[in-house]
Structures are given as C-alpha cells and as structure tokens.
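Hi everyone, thanks for coming.

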Amino acid sequence: MAVTEERSPAKVWGIGVRQIVYMALGAALYGGLSWVTNVIQIPSAGNVSFRPAIVIPLFFGAVFGPWVGLFVGGIGNLLGDYISGYGVYWNWDIGNGLIGFIAGLAMLNTWGRYNNTRNIIIAEVFAAVGVVVGIGFAAYNDIWISKLSFITANIGELVPAAGSDLINGLILLPILLVAYNAAMRRYGRG
Amino acid sequence: MIRLYTGSTHEPSCLLLFLFGLTAAQTSNFWFILTGFLGAVFYYSLAGLKWSETKRVWYFIIFLNTMLVVFNYFLSAGSVVQGVDLTHQHVLFSIPFIGLANKLPFFVPKPLIFSVESITFMITQGLRNFGIAFLAIPIPFTTNPGLMGIAFKGMGLPDKFAYAVDLSFRFLPSVTRDFGTTLDAQRARGFEIDKLRGGIFSKIAKLAPMVVPVVIGSVVGAEDIINAMELRCFGMGKRSWLTILHPRSVDRVVMTLTLVGFFAITLLNILGNFYSTGFLHVLHIQGIPQFLLP
C-alpha cells in the first residue's frame with residue numbers, strides 16, 4: 001500500500017499535540033544534557049560551555065519544525081541554567097531558540113524526512129546557519145547589555161561558543177538523523 | 001523570610017530582570033549603575049538565600065564576571081569606554097602591550113592605557129553584571145518548578161506553550177533517569193565517558209552511544225504520551241489550570257515601579273542626545289567627581 005506523505009505548510013508551522021509533546025521532551029533533554037556538561041567551560045571571556053547537547057534543538061527543529069526548535073532551544077537553555085542554578089539570561093535563551101528555529105527551517109525543503117544524503121546535508125547547512133545566527137545574536141547582545149567591545153564579543157564569545165556548537169552539532173546531527181530514520185523504519189513510520 | 005516575587009508568581013522577578021538589563025544597557029553612568037546594583041542587592045536579600053546554598057554559583061559568577069571585565073579590557077587594548085563622552089581622557093599610566101592593526105601581521109606593539117575613565121568603566125561594567133546576577137540567581141532558587149507553566153501563562157504565553165513548559169519540567173526526572181540508565185548500560189559495555197580517547201572530532205563522535213539511545217528512546221516513547229493526550233482531546237477547548245496565581249499588592253508595586261523606571265531612563269537617554277550638558281545629559285557621562293581627576 002502506498003503511503004502519501006503530507007507536504008503542507010501545516011506540517012512545518014502547525015502546532016498540535018505532537019508538537020507540544022516534542023517541545024516539552026526536547027526542552028527537557030536539552031536542559032538535562034546541558035546541565036551535565038555545563039561544568040565543562042571553554043576558555044573564553046564569557047559564559048561558554050562545551051555543549052554536545054546543542055544537537056538536541058538542531059535535531060528537534062530539523063525533524064519536528066521551527067516552532068519546536070525555537071521552544072527546545074529557548075526553554076531548554078533556560079531549563080539547563082535553571083537546574084544548574086546559574087539564573088536566567090534571556091539573551092542567551094533567545095539565541096538558543098533562534099538556533100533551533102533556523103535549524104527547523106530545513107523542513108521547508110526536507111519535510112522532516114532524512115532518508116537521503118541530500119536532506120541530511122540541507123539539515124546540516126541550516127543547522128550551521130542557525131548556530132552562527134543564534135550565538136551571534138546572544139554575543140552581540142552582550143555588546144549592548146554587558147558593554148563588551150566588538151572584538152571581545154567576537155573573540156571571547158562568538159568564536160568559542162559558535163565553534164564548539166558547530167563542531168558538536170554538525171558531527172552529532174547526522175548520527176541522530178540516521179538513527180531516528182532507522183528507528184522510525186523499525187516502528188513502521190519511516 | 002520575605003520572598004517578594006515567589007509567594008504568588010515569578011512574573012515580577014522576570015520583568016524586573018528583563019527590564020533591569022535593558023535599563024542598565026542604556027547608560028554607563030557610575031551613579032545610576034551603583035543605584036541599580038544596590039537595588040538588586042536589596043532585592044536579592046529579600047529572598048533570604050544562604051551562602052551555603054548559592055556559593056557554588058557565586059564562585060562561578062565572580063570568576064566569569066572578572067574574566068569578562070579583564071578580558072574585555074585587554075582584548076580592546078584599553079579602549080573599553082562606550083556610550084559616554086570621552087573627549088578628554090585623564091591618563092594615569094600605560095604599559096607596553098600589543099594591539100590590532102589593519103595590515104599584516106595585524107598585531108603591533110601598542111601601549112595599554114589606564115585612565116580614570118577606563119578604570120571607572122571597568123568598575124561600572126562589573127557592577128552592572130553583578131547587578132544582573134543578583135536578580136537572575138534567586139529565580140531558580142526560589143521558584144517552585146511546578147508553578148513555571150502557570151507563571152508563563154500569566155506572562156501572556158498561550159495555553160499550549162505554557163503547558164509545554166509545565167510538561168518539560170515533568171519530563172526532566174525521567175530524562176535524567178534514562179540518561180543514568182544508558183550511562184550505566186554503556187559503562188557495562190566498556191564505554192567510559194570520562195576517558196574518551198582521540199582528537200576532538202573523534203571524542204564528540206564517541207559521545208553518540210550516550211546521546212543517541214537517550215534521544216531516540218525518548219522520542220519513540222513519547223508516542224504513547226501523544227496518543228494518551230489525543231484520546232483525552234488535549235487542546236480542543238479552553239484549558240483550565242489547577243493552580244491559579246494571584247499577584248499580591250507588593251508584586252504589582254514592583255512591576256509598576258520597574259516599568260516606570262525603565263520608561264523614565266529610556267526617555268532620559270533619548271533626551272540626552274539633544275543636550276550636551278545638564279541633567280538631561282546625565283546618562284551620557286560617567287559621573288566621575290572632579291576631585292578624582294588628576
């Protein structure tokens with residue numbers, strides 16, 4: 001029996017029960033895994049931690065859409081800082097939300113299916129852009145809020161944070177996408 | 001013990017934190033920032049947090065803030081002062097240092113200048129960041145996670161999103177448990193997360209046996225929750241909440257004062273662009289007393 005794949009804007013932008021649950025799950029995963037790795041700080045001027053968990057908003061965005069990515073990045077980062085006891089830093093929450101949102105825009109091309117190399121590469125490209133834009137937003141916001149100089153925001157925050165997130169995200173994202181694809185096939189949904 | 005913002009809701013503390021950041025960003029006047037800092041310290045003191053509860057976080061914040069201020073000074077070769085008139089800098093001393101140049105090799109010897117203005121700016125910057133920390137740290141220590149969803153609802157978020165916030169806090173223990181179980185299972189197979197070998201790329205790729213089972217297992221397991229919620233017609237009608245948070249008078253006063261303060265400072269900042277002297281220009285100067293100038 002042939003299965004018709006849904007390809008409509010509602011699949012990308014709609015928010016139903018599925019999206020709500022994946023938003024919550026993704027945020028909990030991102031917050032929980034970030035908390036584990038928040039103690040590993042990268043030598044830099046700002047609050048930059050080594051964070052393999054960055055793959056979570058990238059993955060949830062790419063598979064479940066931009067709104068899910070936005071929520072997972074933003075609330076997940078808030079959750080991670082919350083349980084670490086570091087407080088709330090809204091510009092970094094928004095920055096992380098942007099990472100997931102932009103990674104989620106890959107769905108406009110891939111419709112959330114990553115069963116071929118082309119779609120995985122598209123997800124990687126959107127993920128990379130998302131990391132640079134999201135971290136850039138947070139780092140450049142610190143020029144205004146913390147009165148950092150432009151060079152400090154770049155060398156001290158943008159480069160170490162975006163560099164670490166790019167390496168972590170771009171290595172782990174395809175692994176997760178392939179594993180997710182295999183799992184969905186096994187459960188008859190691939 | 002007075003817990004100003006958490007007895008009923010944490011909206012006041014979030015609003016205060018958000019607008020404090022935006023207000024403090026508009027000036028580098030030492031006296032304004034000092035006033036805000038003292039206000040933040042007073043606010044923090046109302047939470048009644050003990051040093052033993054928060055010392056780990058404070059060590060981190062002190063280290064981070066010091067690094068931020070010092071790195072910023074050195075990376076900018078002392079040209080740190082922003083947002084204020086700096087036509088006549090009062091130089092105290094300078095030390096040999098390196099700075100950036102437009103042509104190869106891009107690094108040239110340059111003196112690192114220490115002036116009254118730049119040192120005042122560093123102190124102001126430190127006070128600003130500590131002020132933000134004094135407002136940010138009490139939130140996780142004094143807010144009941146069970147009230148997070150309803151508090152977000154109170155801040156104007158739609159029901160669906162507020163419920164998702166609530167749900168993410170409920171997922172957290174099971175996610176942590178899954179992570180622990182997976183870690184133990186992988187350790188039993190000889191995987192040691194703290195002894196990963198190889199280069200940075202190899203180490204990250206080797207984290208996959210930890211990350212993949214937790215994420216994929218959770219995503220697959222979430223299908224049951226989705227089905228259960230759909231069977232109960234989640235999201236079909238207007239949602240009601242078991243807990244209702246009522247802002248107290250003190251919460252309303254804090255929110256009103258925060259908004260008034262923010263708009264007053266913003267207005268003063270805008271007006272300051274049209275005046276070069278006097279009170280209306282006060283946010284555009286550092287406010288260093290004359291007797292401190294050499």
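This is a predicted model: local features need pLDDT of at least 70, side-chain atom pairs count only at pLDDT 80 or more; totals for chains, interfaces and linings use all residues.

Some residues of H10(B) are buried, namely Asp251(B), Val254(B), Ile265(B) and Gly272(B).

What about H9(B), how far does it reach from its first C-alpha to its last? The answer is 35 Å for 24 residues, close to the 34 Å expected. The buried residues here are Val211(B), Val214(B), Val215(B) and Val219(B). And what covers them? The cover includes H2, H3 (55–64) and H8 of chain A, together with H7 of chain B. After H9(B) comes Cys233(B), which has a positive phi, near 60 degrees.

That brings us to the meeting of the two chains. On one side are 56 residues of chain B, in contact with 51 residues of chain A. Several helices of chain B give two or more residues to this side, among them H1 (11–24), H4 (116–136) and H7 (159–188). Which helix gives the largest share? It is H9(B), with 13 residues.

Helix H8 of chain A, residues 150–186, crosses H3(B) at roughly 115 degrees, and their axes come within 9 Å. This crossing is right-handed. From H8(A), the contact uses Ile151(A), Thr152(A), Ile155(A) and Gly156(A), and from H3(B) it uses Phe71(B), Asn72(B) and Leu75(B). Sorted by class, that gives four nonpolar residues, three polar and no charged ones.

Let's turn to chain A itself. How many helices and strands does it have? There are eight helices and zero strands. Of its 190 residues, 58% count as buried. If you take the contacts in chain A with a separation of 6 or more, 71% of them join residues 24 or more positions apart.

I have two helix pairs to show you within chain A. In general, two packed helices are described by the angle between their axes and the distance between the axes.

Residues making the contact include Tyr22(A), Gly26(A) and Trp35(A) from H2(A), and Trp67(A), Phe71(A) and Gly80(A) from H4(A). The contact of H2(A) with H4(A) divides into 13 nonpolar residues, eight polar and no charged.

The other pair is H5(A), residues 90–104, and H7(A), residues 117–145. Their axes are 7 Å apart and the angle is about 160 degrees. Angles over 145 degrees count as roughly antiparallel, and therefore H5(A) and H7(A) are roughly antiparallel to each other. Their crossing is right-handed, and the contact has 15 nonpolar, six polar and one charged residues.

That's my tour, and I'm happy to take questions.

Notes
Residues are numbered from 1 along each chain as its sequence is written. Chains are lettered from A and ligands numbered from 1 in the order in which they are written. Two residues are in contact if their C-beta atoms, placed from the backbone, lie within 7 Å. Helices (H or I, at least four residues) and strands (E, at least two) are DSSP runs, numbered from the N terminus. Axes are lines fitted to C-alpha atoms, for helices over the stretch in contact, and angles run from 0 to 180 degrees between N-to-C directions. Angles under 35 degrees count as roughly parallel, over 145 as roughly antiparallel, 65 to 115 as roughly perpendicular and the rest as oblique. A crossing is left-handed if the near helix is turned anticlockwise from the far one by less than a right angle, and right-handed if clockwise. Ala, Val, Leu, Ile, Met, Phe, Trp, Tyr, Cys and Pro count as nonpolar, Asp, Glu, Lys and Arg as charged, and the others, Gly among them, as polar. A residue is buried if 20 or more other C-beta atoms lie within 10 Å of its own, exposed if 12 or fewer, and partly exposed in between; C-beta atoms are placed from the backbone. The expected span of a helix is 1.5 Å times one less than its number of residues.
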